[in-house]
Amino acid sequence: MAVYANTSNQIAALKELYTGDDYMKDLVYKKNPFLALVPKDESPSGFAGKYIPVPLIYGTPQGRSATFTNAQGNQTAPALASFFVYRVSNYQLVTITNELLLATKDDAGAFIDEAKLNMDTGFRNISNDLAHDLFSDGSGSRGVISSITTGVIVLADPQTVVQFEVGMALVAYSVSGSTYTQSTAAAIGYVIAVNRSLGTVTVSASVGGVAGTPTNWSTSFPYLGVQGDVAFGTISATTSYLKVSGLGAWVPMTSPGATDSFWGINRSADVTRLAGVRFDGSNETIEEALIDASSLVAREGGMPDMCFINFTSYAALEKSLGAKVQYVDVKHEEADIAFAGIRIHAPYGPITVIPDRNCPGQTAYLLQMDTWKFRSLGKAPHILTYGLEGLEGLRVGNADALEIRIGYY
């Protein structure tokens, strides 16, 4: 008996394209080196339970002295801390009209060709968002307003223009300590143009409208995030950010102070061991800054083997090294993909410097890669399924269409 193309087998055929590691290599990792190279636990139990405890020892037990009574009287327990990290989730929706399904019902290949474009770009959008988050502080900020005139936003860091896309729905907000606030009755700004050469983003106060500054947007509320990405109000250990806490959260630019609370831990007790090493190399060449920073990390017992910087800084390093430059390829352990980098030498061995467009401007992250772990429930991202039957497509309640959900936890 013949089986004709229908909703079920066509969607199943489409799903076959997004299993295994091929789609991860081509759509998720290809232009996102840190996302590709950071160690992962994407098993079903990779982030099981309510939260993941991240324990560490940041101080040795005291009770040592050349005088026995002093050693006995000054004993302390080892200094321990445990970050209790909660999950966040992220979603990308792809909608396929029923008309497309019917128009291609006798040719599953035609359906695949048409639907694949939507799926590929959906995977790429959520993957780029995750790659950005891995460098961010978890707040949802994609850029900062330097000035705004008739909807044209000049970004404080022009390099962050890579984080904006036409069609984004943005909110503008301010940060005071751990409290994130919007201006009263602030409107949504819809991106209608992106000038990637000038580092400007143009918004409209309405969907499909003309350029214009949304209500109550100003430099007093300079941070820009996608609607739904920002948790307004006070952030605490149990009311977490809505986005992944990336390098900017675990190794913050400013040393945590006495009121710090990060996943339940006040890191001011030992800023270096609980929140990483900071080094200001602004008065040196990039090469000198990386060498001095790696020496400081080595003094504290760290052994960085990889460095991530943006493309502007990478080009400056390449020019600075001149004839001394040493190139190296770094391969992903599982996906068949490699990234080109520059090798520099440090106290504990060579460090590979890799450009990543998501790294903030004038910032370098020197990392010991085996001390990092990205945890998720299954692959990040993947097609979400529901029910025992593993349904991949859901009928849209208020439209003649089928909805496919991509996401991760």
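This is a predicted model: local features need pLDDT of at least 70, side-chain atom pairs count only at pLDDT 80 or more; totals for chains, interfaces and linings use all residues.
In which sense do S13 and S16 pair, and over how many bridges? The two strands pair in the parallel sense, over four bridges.

## Overall composition

The protein chain contains ten helices and 21 strands. Of its 409 residues, 45% count as buried. Among contacts in the chain with a separation of 6 or more, 70% are accounted for by residues 24 or more positions apart.

## The five-stranded sheet

Five strands form an open sheet with mixed pairing, in the order S14-S15-S16-S13-S17. Its edges are strand S14 (327-331) and strand S17 (365-367), each of which pairs on one side only. From one strand to the next, the twist averages 35°. Strands of a sheet pair through backbone hydrogen bonds, in either the parallel or the antiparallel sense.

Both senses occur around S16. Strand S15 (residues 338-346) pairs with strand S16 (residues 349-355) in the antiparallel sense over five bridges, and these two strands form a hairpin with two residues between them. Within this pairing, Val353 in S16 is the bridge partner of Ile342, while Thr352 in S16 is the bridge partner of Arg343. The pairing of S16 with S13, by contrast, is parallel, and Met306 stands opposite Thr352 in S16.

How many of the seven residues of S16 are buried? Five are, so S16 is largely enclosed by the rest of the structure. Helix H10 (residues 311-321) lies across strand S13 (306-309), S14, S15 and S16, and runs at about 55° to S15.

## The largest nonpolar core

In soluble globular proteins, nonpolar side chains tend to be buried together. The largest nonpolar core of this model has 42 residues, and Phe34 and Phe308 are those with the most contacts inside it. The elements that give two or more residues to this core are helix H2 (22-29), helix H3 (33-37), strand S4 (90-97), helix H6 (108-133), S13, S17 and strand S21 (401-408). The most is given by H6, with six residues.

Phe308 has a relative accessible area of 0% and is therefore buried. Leaving aside neighbours within four places in sequence, Phe308 is in contact with residues including Pro33, Phe34, Leu37, Phe135, Ile354, Tyr365 and Leu367.

## Aromatic pairs

A pair of aromatic rings is described by the distance of the centres and the angle of the planes. The count for this model comes to 13 aromatic pairs. In one of them, the ring centres of Phe83 and Trp250 are 5.1 Å apart with the planes at 70°; because planes over 60 degrees apart count as edge-to-face, the pair belongs to that class. Phe83 lies in strand S3 (residues 79-86) and Trp250 in helix H7 (residues 247-250), so the pair ties together parts that are 167 residues apart in sequence. Phe83 is buried, with a relative accessible area of 2%.

The rings of Phe135 and Phe308 have their centres 6.4 Å apart and their planes at 75°, so this pair is also edge-to-face. Here too, distant parts of the chain are linked: Phe135 is in the loop between H6 and strand S5 (143-149), and Phe308 is in strand S13, 173 residues apart. Phe135 is buried, at a relative accessible area of 3%.

Glu42 lies in the loop between strand S1 (40-41) and strand S2 (51-59). Is Glu42 buried or exposed? With 19% relative accessibility, Glu42 counts as buried, because the cut-off is under 20%.

A polar atom of the Glu42 side chain lies 3.3 Å from the backbone nitrogen of Ala380. Not counting residues up to four places away in sequence, Glu42 touches Met24, Tyr29, Ser376, Gly378, Lys379 and Ala380. Ala380 therefore figures both in the listed contacts of Glu42 and in the 3.3 Å approach to its side chain, and Glu42 itself counts as buried at 19% relative accessibility.

Terms used
Residues are numbered from 1 along each chain as its sequence is written. Side-chain values use heavy atoms; hydrogens and water are left out. Buried means under 20% relative accessible area, exposed over 50%, partly exposed in between (1.4 Å probe, protein chains only). A polar contact is a pair of N or O atoms within 3.5 Å; within protein, one must be able to donate a hydrogen and the other to accept it, and residues adjacent in sequence count only if both atoms are side-chain atoms. Contact means heavy atoms within 4.5 Å. Two strands pair if DSSP finds at least two bridges between them. Axes are lines fitted to C-alpha atoms, for helices over the stretch in contact, and angles run from 0 to 180 degrees between N-to-C directions. A nonpolar core is a set of buried Ala, Val, Leu, Ile, Met, Phe, Trp, Tyr and Cys residues joined through side-chain atoms within 4.5 Å. Rings of Phe, Tyr and Trp (its six-membered ring) pair if their centres lie within 6.5 Å; planes under 30 degrees apart count as stacked, over 60 as edge-to-face and the rest as tilted.
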